[in-house]
There are 4 protein chains.
Amino acid sequence: MKVAVIGCGTIANAAHIPSYMNNPEAEIKYFCDIIPERAQAAVEKYGCGTAVVDYHDVLADPEVEAVSVCTPNNVHPTISIDALRAGKNVLCEKPAARTYKEALEMQKVQHETGKVLNIGVVNRFNDSVNLIKKYIDDGKLGDIYHVHASFRAHRSIPGLGGAFTTKAIAGGGALIDWGVHYLDIVMYCCGDPKVKTVTGEAFCELGKDMKGYAYTDMWAGPPKYDGTYDVDDSVVGMIRTEGPVISLHGAWAQNIGENECYIDFMGDKGGIRLQYGKDFTVYSSEYGALTEYKPVFKMRDHFQNEIDAFIDCIKTGKKLPSHIDTVIITAQMMQAIYDSSEQHKEITLG
Amino acid sequence: MKVAVIGCGTIANAAHIPSYMNNPEAEIKYFCDIIPERAQAAVEKYGCGTAVVDYHDVLADPEVEAVSVCTPNNVHPTISIDALRAGKNVLCEKPAARTYKEALEMQKVQHETGKVLNIGVVNRFNDSVNLIKKYIDDGKLGDIYHVHASFRAHRSIPGLGGAFTTKAIAGGGALIDWGVHYLDIVMYCCGDPKVKTVTGEAFCELGKDMKGYAYTDMWAGPPKYDGTYDVDDSVVGMIRTEGPVISLHGAWAQNIGENECYIDFMGDKGGIRLQYGKDFTVYSSEYGALTEYKPVFKMRDHFQNEIDAFIDCIKTGKKLPSHIDTVIITAQMMQAIYDSSEQHKEITLG
Amino acid sequence: MKVAVIGCGTIANAAHIPSYMNNPEAEIKYFCDIIPERAQAAVEKYGCGTAVVDYHDVLADPEVEAVSVCTPNNVHPTISIDALRAGKNVLCEKPAARTYKEALEMQKVQHETGKVLNIGVVNRFNDSVNLIKKYIDDGKLGDIYHVHASFRAHRSIPGLGGAFTTKAIAGGGALIDWGVHYLDIVMYCCGDPKVKTVTGEAFCELGKDMKGYAYTDMWAGPPKYDGTYDVDDSVVGMIRTEGPVISLHGAWAQNIGENECYIDFMGDKGGIRLQYGKDFTVYSSEYGALTEYKPVFKMRDHFQNEIDAFIDCIKTGKKLPSHIDTVIITAQMMQAIYDSSEQHKEITLG
Amino acid sequence: MKVAVIGCGTIANAAHIPSYMNNPEAEIKYFCDIIPERAQAAVEKYGCGTAVVDYHDVLADPEVEAVSVCTPNNVHPTISIDALRAGKNVLCEKPAARTYKEALEMQKVQHETGKVLNIGVVNRFNDSVNLIKKYIDDGKLGDIYHVHASFRAHRSIPGLGGAFTTKAIAGGGALIDWGVHYLDIVMYCCGDPKVKTVTGEAFCELGKDMKGYAYTDMWAGPPKYDGTYDVDDSVVGMIRTEGPVISLHGAWAQNIGENECYIDFMGDKGGIRLQYGKDFTVYSSEYGALTEYKPVFKMRDHFQNEIDAFIDCIKTGKKLPSHIDTVIITAQMMQAIYDSSEQHKEITLG
C-alpha cells in the first residue's frame, strides 16, 4: 500500500515514518513538506519516496491510498478534508483541529466520503492504557466515580513565541497540546461516556512576559522573543459525565517542584494510578488486606501499533477507537473548557 | 479570667485545656460533658475546676467570661448561641456548624450580643501559614492566579459508623472535617476574596459497604457496623473568586498510594507548596535562574497561639481573623459545594 | 477462670503469662517451676498467684480449670497426661512430645478424659498465616502442587550442650524445634492433607565438635562444653501427601550466608512466599500481566490470639485447629523423617 | 584436524563453532543441518566449510576426525552412534539422550568402537567449578554431607509448544534441560559418588494451559499455541549417594519472585554457594572467627576450554571428565527422578 507523509517535522520522524518503514505492507511514496529541505532529508534518510512541497501533488497521485497529516494544528482541517475528498484515507495528528467547529467540519467530510479519518490519539494503542481499560471493563476497580488527570510541569513551555504558543496556529496551549492525550485516555478507559457539564479556567501567566520566563531547557525551541504568546500555560477544570466525574489540572509551566504527570482512576473497589507514558499501580483490597502492585507486561511501541492498525483498518473496514467519531467528544470537551474560561462559568452540554 | 470548656473529648484534651492551663490569665472553672466521667476525669487530670453535666449550669455562673465549645458539630450552634446570649465570649471548634444556615444564625446572634464569637480555624494562628501570608501580601509570588488544595488519604475514615460518619451529627465528611482547614488557609492567605462560582462533587463510596472497608488503623474508632455512614469520603471542586481560582481534591479514603496533603499557591512570579501541618517550599526565579528552598523558622504551638489570642481579644476588643464574620465565607463555600453536588451543576454566589 | 502455668522459663514469660494477664476472663492462680526462684520471681513480677515447685500441687486444686505446660519436651507427656486425668484442660507447648509414640499416648488420654488438649502450634493463630489460608481455600492460587519450607540459619544452635541439644531431653534438634512450626503451617494452610511417603536425612555436623563451633551469639546459651550434642543441626526431606508435595530444608547452623527462613506455596495460578514470622508476597498474573504484592493488614499478637482461643474453647467446647488430633500428624511426619534418616530410605505411611 | 558440526542452531553458533574457529588445530570442513539455509548461513558467516543437509555425507568423508552433535535431544543417540561406528570422535551436546536407556546404548557403542564420546557437560571445563572442586578435594570444607541445587526461575519456559516442551523430542523439561547442568556440577565436584536412592516429583503445571501462561520474554520463542506441552516445568528431589545427600529444586517457571539459581555445598568445616554461571562465596571459620569471602580469579570461556580439551584428547587419548562413562551416572539419576515421579515413591539404585 502506497502512503504519503505530509509534514516532515518532529512527530513524523519520531513516529509515523519509522512505523511505516517497519510495516511490511506499507510503502512511503512521498515525503511532503513546505520546507523543501525537510522533505528531501527524509528521502535521503529513509532511502525511499519522492520529496514534494505542495500536498496537492500527493493527493493527485491515484496510487496513494493513505496519508499521515503531521503539520501544525491550523492546517489539519484543510489538508485532511482535501485528502478525504481526493479519496485518501487519513491519519491526522492530534489535536484534530484548533476548535470544535473545525473538528465537526472534518467529521462531516469523513461521513460524506466514507474514507477513513483517524486522529493520532496514540494512547488508544498503548499496551499500558489498554490493560487499564481491561481492569475497568472487567469490574476489578468496581464503579469508577472520579478520575483525576494531572499533567503539571515545572518548566516545559515549547518554542516560546513560536507556533506552539500562538493561538492562531495552535488553537491553544497546555490543554490542547498535552491535555488532549490525558482526556483521551480517560474517555477511552471509561467507555467514552457522554459529557454533561464542563467548567474550567485556562491561565496565560508564566510565558506572557517572555523575557522574564526563566528556564533551563526548551523543547521545540529556541524562544522567538518577537513572536506571540497568547495560549494557556496552565489549566484547571472539572467535567461531569454520565460516567465518572473528571477533574484535570495541567501546565506546561508552573511554580511547583517536580513534574506531576499521572491519571488517577478512582473506583469503589480499587484504583489505578497511571504514570503517563510509563507503567501503572493498582490499589485494591482482598480478604480484608490492602494490596498495591505494578503489573508487569511487555510494552510494544504504541506508534507502531497505531500505524499497523491504520493500515489494517483500511483493508478490513474495521472502525478503530481513534476514529473521528470518537475523538470529536474530546474536541468538544476542550472547546467547552476554553469557553467556560472565557465566560467564567460552567457550560452545560447536550 | 474564668473560663469553661464544654465538651471534654479529644480536641479539648489535646488543644484547648492544655493551652488554657499555659495561659497565665486564664483559669478553668468548669469542665462540662454530658458523660459525667469525662468531666470528672478532666478535673482530676488538670487539678482544677468543677465537673458539670449540663452546660446551662456553666452559663448561669456570672463569673465565667469565656467558653470553649468542643462538642460534636450538631450542637455547636445551640450551645454557642446560648452562651452568647448568656453574655459569654465563645471560641467554638470548627466547623462553625453543619450548614451555612446554622452558621448565619450564629453570626446573627454574635451581632446582636456583641460578644466574641471565634471559630477554631487554628491555622490562622499557625506560624507557617502566617509566613506564607507574608510572602503573598508582600508580592513575592506575584499575582496568585490559582490555588490547589489536596487533602487526599488512602485509608483514614474516622470512627466508621459513628458521629463522624453520620450526616445528622457531623453535617458532612471529608470536606467539612478536613477540607474546612484547607479552604480556610487558602482564604486567609489570599485575603478572604469574595466567592463567585462554586462547583463540586462529593462522593460516598469507600465506606458505604462498611464491612467491606479494608483498613489497618482507624482514628476515632473502632467501627460501629450497626451505625450510619452517609457522608462524603471524598470530594472534588472548583471555585472562582475575585482573587485566585481555587481547586480542591480531598479524601478520607481513596484507592491511591501515599497520602497527598498540601496546598499549592501558584503565582506568576513564584509558587509555594505548603505540606499541611509542616513546612513549605518556595519556587521562584531570580536573575534568570530558578530557585527552590524551604524557609527555616521557629514554629510555635498554634493551639496555644489561638487560645492566647482569644483571651487577649476579650480584653482588648480586637477582632481576630477567626471571627465568625470571616469564617462564615468558608461555611458558605462548603454549603455551595454540597449543594452543587446534589444538583450536579455549578452554583453562582453573590 | 483459674489457670496455672507449669514451667516458668522463656516461653512462659514471653508468651503464656502476659497473654493470660491480658485475657479478661483468666486469672493465674499458680506459677509452678522445679526451680523455686523462677516460680517466685513470676509471682512478684506479675503480682498475682502462688509459687509452687511440684506440679501435683497445682493439679490437686479443684479450682484450677486450665494449665499451660511450658517445660522441656521430655516431660510434656507426663505432665499433660497427669493434668488431663486430674480433670484439667491443657495447652502444651510444641512439640507435643519427643516421639510420635509419646504423642499418641497423649492423644489417647485426651480421648479418654474428654478434656481439652491443645498444642502450642501458635502459627495457627497468626493473622498472616490465616490470611494465606484464605487465599488458598478461596482458590486464588489455583491448585497447590508443591510447598517448600526453608528454615536455614547460619549460626543459631541454642544452648550448645544443654537441654536443646540433648536428644534424651528434646527428642531432636532443628527439625523438632523449628521444623515443627514450618510443617505445621504447611499442613494447616493446605487443609491437613493425609501423608503418603516421607524421606529425609538429619545431620549432626556443626555442633558435634563443640569446642570447634564458631559463633557470635547463642540463644538459650551459654554453651556447656561438658554437655551432650547428639541432635540434628540440619535436616532435609521430601514428603508426598494427598495434597501438595512438601520439601523442607532447615538448619540451626549451616555454612551458608544469610538466614533463609520462608515457606513457598506454589500453585498453578499463583504463589505465596511467607517470610517466617513476618509478611508475605503474592505472585500471580491477571489479564496477561504478572503481579507481585505484599498485602497490608493489621497483625495482632498470635500468642494472645492463642490464649484467648484456648480460654474460649474451654467454655464453648469448640474444637480448635491446635487440637492434638490435628497436631498428631506433624508428630508422625517428624518421626518418619527421623526414621527415614536412620534407615536411609523412604518411609511409606498409611 | 578436520571437524564437522551437525546441527547449526543456537548452541552451535554460540559455542561450538566459534571455539573450533579459535582452536589453532581444528578446521571445520562441514556445516550440517536439515534446514539447508542454516547450514549455508554458517558457511557464509564463518567463511569456511561446506554446507550439507544429510549427516551421512559428513560421516562418509574419511578426512573428518571429529564431530559436534548439536541437534535436538531426540536424535543425539542415532547420530552419535552412527558417527562412532563411522570412526569419528564425538562431542555430543547435553543431555546425552532423552532416557537412560538411550544413553546406555551410546555408551555401549563407545566401548565397542573405542572412539571418543564426550558429552557437552561444559561446566566440567568451567574455571569457577574447577576451583570449587579444588577446595573440596583439598578438604577445606571438611566433609561435604549435603549439597542443595536450586535452579528456580519465575518465567523462563522456552519456546512454549515447541521442541523444548515436547517430551517426544526433548525427553523432559526443566530437569533435563537445566537440572542436568546442576546435577553434573554436584557430581563432578563431589567426585562422582555412587548413587543409592532417588526420590523426586516433576510437575507440569504452569505451561499446561498454554494460552493462560503470562510472561514478558520467551527464549527459543515465540510460543506455538497449537504445539505440545507435556514436560516438567518444575521438579523437586532428594538423592542419597555414597558421598553427600543431594537435594534439588528447579523450575523453568514458578510463582516465585526473583530467580534463585545456585548450588550450596555444605561441609562440616565450611560451605560454598556457587551462583550458577558466576562466582562463588566461601563460608568458613578460622581461629574461632567466622569468615565469608568471594575468591577472585580469571574466568576463561568454558566452551573454548571444552573444545580445546576435546581436540586435545583425540590426539593424546586422555580420558576427559566429560566422557560418557562419567556422564552416564547423571543420566541414570535423572531417569530415576522421572521414574520416581511416575511411581510416587523412592527408587533404590545399585
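Two strands count as paired if DSSP finds at least two bridges between them. Strands (E, at least two residues) and helices (H or I, at least four) are DSSP runs, numbered from the N terminus. This is a predicted model, where local features need pLDDT of at least 70, side-chain atom pairs count only at pLDDT 80 or more, and totals for chains, interfaces and linings use all residues. Residues are numbered from 1 along each chain as its sequence is written, chains are lettered from A and ligands numbered from 1 in the order in which they are written, and side-chain values use heavy atoms, leaving out hydrogens and water.

**View 1**

**View 2**
Let's zoom in on strand β12 (residues 271-275) of chain C: 4 of its 5 residues are buried, so the rest of the structure largely encloses it. "Buried" is under 20% relative accessible area, "exposed" is over 50%, and "partly exposed" is in between (1.4 Å probe, protein chains only). On one hand there is strand β11 (residues 260-267) of chain C, antiparallel to β12(C) and tied to it by 5 bridges. A hairpin with 3 residues links β11(C) to β12(C), and C:D264 has C:R273 in β12(C) as its bridge partner. Then there is strand β13 (residues 280-286) of chain C, which pairs with β12(C) in the antiparallel sense over 4 bridges. In that pair, C:I272 faces C:V282 in β13(C). The hairpin of β12(C) and β13(C) has 4 residues between the strands, and C:G277 in it takes a positive phi near 80°.

Over in chain A, find A:R273 in strand β12 (residues 271-275). Is A:R273 buried or exposed? A:R273 is buried, with a relative accessible area of 13%. Contact here means heavy atoms within 4.5 Å. Not counting residues up to four places away in sequence, A:R273 touches several residues, including A:Y262, A:D264, A:F280 and A:Y283, plus B:R152 and B:E260 from chain B.

**View 1. A loop residue tucked away in chain C.**
C:V231 lies in the loop between β8 (195-203) and β9 (234-241) of chain C. C:V231 is buried, at 2% relative accessible area. Leaving aside residues up to four places away in sequence, the residues it touches include C:F164, C:K167, C:F203 and C:W252.

**View 2. Strand β8 of chain D.**
Of the 9 residues in strand β8 (residues 195-203) of chain D, 7 are buried, so this strand is largely enclosed by the rest of the structure. It pairs with strand β9 (residues 234-241) of chain D in the antiparallel sense, over 8 bridges, with D:V198 opposite D:I239. β8(D) also pairs with strand β15 (residues 347-348) of chain D, again antiparallel, over 2 bridges. There, D:T197 has D:T348 as its bridge partner.

**View 3. Inside the largest nonpolar core.**
A nonpolar core is a set of buried Ala, Val, Leu, Ile, Met, Phe, Trp, Tyr and Cys residues joined through side-chain atoms within 4.5 Å. The largest one has 126 residues, and A:F265 and C:F265 touch the most other members. Apart from it lies another core of 59 residues, with A:M238, B:Y188, B:M210 and B:W252 among them.
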